Amino acid sequence: MNRTHYYWPISLAGVFLIGGTVTAAPDDYSWMDSTNRATLSFRYGLNIKASIKGVGNDFTPGAVPGVYSDGYVLTDSTGNALGYSSYWGYDNASQNNEAGSPANTITFHDPTATGIPSEISGGGGHNPNIGAELTYDRQLWVKENWHDMRIGVEGAINYMHMAFNQDSSYNASVVSTPVAYSYQSGDTPPAAPFQGTSSGSGYMYLQVPPIYPTTAGTPSAPFSEPFTSQDQFSADLWGGRLGPYVEWPLTRKLDLRLSVGFAAALVDANESWSENLTLPGGSSITTSGGGDSLDFMWGGYAAMDATYQLNKRWGVAAGAQFEDLGKFQHTYPGEHVTVNDAGTVNTVNENFTGHQIDLDMRRSIFLELGVSYSF
């Protein structure tokens, strides 16, 4: 008896050929079919700009009330009751005008400096802005008829340390203005140099405010003197971002991902600064201040990343992000003034306007390189 034998193709490739079409092997994109992916990356920040405002403001009229190049007149523990202060000091006997004009006064000299830029640019190029980011991607849909496009949501947390130091020096044009305070006729000022304290009970009193400009004299001619300013600023940025993403497999191992969304950062900043103005005869005035600040910044981001799968779990990733977090602005007040008048040193603690830091993160760019794990 004759038997007829039929042989059916058993290979998947054979089925495709018999069907008259050629398609990609079903495992072509299997390395990217994981629902979850975590990526840990190094992060490098660019185009983060900073500026310092208020440089030299300590040496404008009235910026540090009651502090002069040859003494001080401040608010005593009574709050200058009845318009008199016992919290004062002076450096030279020649400042006492007991019988001069105006009589019964102590004359001080208030230096004013000009020719100093009010704003100095610092910022991103001084130190590398290096940090890290941990990203989590959750795949939600696959559009097979759109070239296997993946759609999902992406969240990330990141950290970056920023710092810059700014040292500046100028030849300032200085004018010294006489300021006279009166005391009661018959009082005898303590011998110079004299340094009173806030609770100076028993000291001779000076009348406040000063009686200049009507009787004490005219400002000096301008003279050129060295001025220096130093700023040390650092900040820790704790950030995060959240938004949707779309992803296209380019090859079996390589994919391209685009995402946009919300970004935010908590800024923990610290600033310290000092200024020094040299005066004739070896005298100088040094002001300093600083402090800590905490601020929240928010905005948006857009990112483009690529991942290359080394195997079905591990891969390497690289990308770039554009972020707009706005501007961080904070003024760090002045706290201390030290006057060295040819060897006589007066140090007082005063609150006065200091330096303002502007950190511009409206056009920040971050480059990333890391390793990913799919599961």
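Before any volume is quoted, here is what the word covers: a pocket is an open set of grid points with protein on both sides within 12 Å along at least five of seven lines, and its volume is the space filled by probe spheres set on the points. Keep in mind that this is a predicted model.

I'll take the second largest pocket now. Its volume is about 160 Å³. Among the residues that line this pocket are Ser69, Asp70, Asn92, His109 and Phe223. By type, the lining of the second largest pocket has 4 nonpolar, 5 polar and 2 charged residues.

Next, the largest pocket. It holds about 460 Å³ of space. Its lining is made of 27 residues, and those nearest the centre are Val64, Pro65, Gly66, Val67 and Tyr68. Which strands each supply at least two residues of that lining? They are E3 (67-68), E8 (105-114), E11 (149-182) and E16 (284-309). The lining of the largest pocket divides into 16 nonpolar, 8 polar and 3 charged residues.

Now the surface. There is a nonpolar patch of about 1,000 Å², with Leu40, Leu134, Tyr136, Trp314 and Phe375 among its residues. Strands E10 (129-143), E17 (314-324) and E20 (364-374) give two or more residues each to this patch.

Is Leu134 buried, partly exposed or exposed? Its relative accessible area is 42%, so Leu134 is partly exposed. A patch residue needs over 30%, and Leu134 has 42%.

That is where I stop.

Notes. Residues are numbered from 1 along each chain as its sequence is written. This is a predicted model: local features need pLDDT of at least 70, side-chain atom pairs count only at pLDDT 80 or more; totals for chains, interfaces and linings use all residues. Side-chain values use heavy atoms; hydrogens and water are left out. On a 1 Å grid over the protein atoms alone, a cavity is a set of points where a 1.4 Å probe fits but cannot get out, and a pocket is an open set with protein on both sides within 12 Å along at least five of seven lines; lining residues have an atom within 4 Å of a point. Helices (H or I, at least four residues) and strands (E, at least two) are DSSP runs, numbered from the N terminus. Ala, Val, Leu, Ile, Met, Phe, Trp, Tyr, Cys and Pro count as nonpolar, Asp, Glu, Lys and Arg as charged, and the others, Gly among them, as polar. Patches are made of residues with over 30% relative accessible area and no salt bridge: like charges are joined within 9 Å, nonpolar side chains (Val, Leu, Ile, Met, Phe, Trp, Tyr) within 5 Å. Accessible areas come from the Shrake-Rupley method with a 1.4 Å probe; for residues, only the protein chains shown count as cover. A salt bridge is a side-chain nitrogen of Lys or Arg within 4 Å of a carboxyl oxygen of Asp or Glu. Buried means under 20% relative accessible area, exposed over 50%, partly exposed in between (1.4 Å probe, protein chains only).
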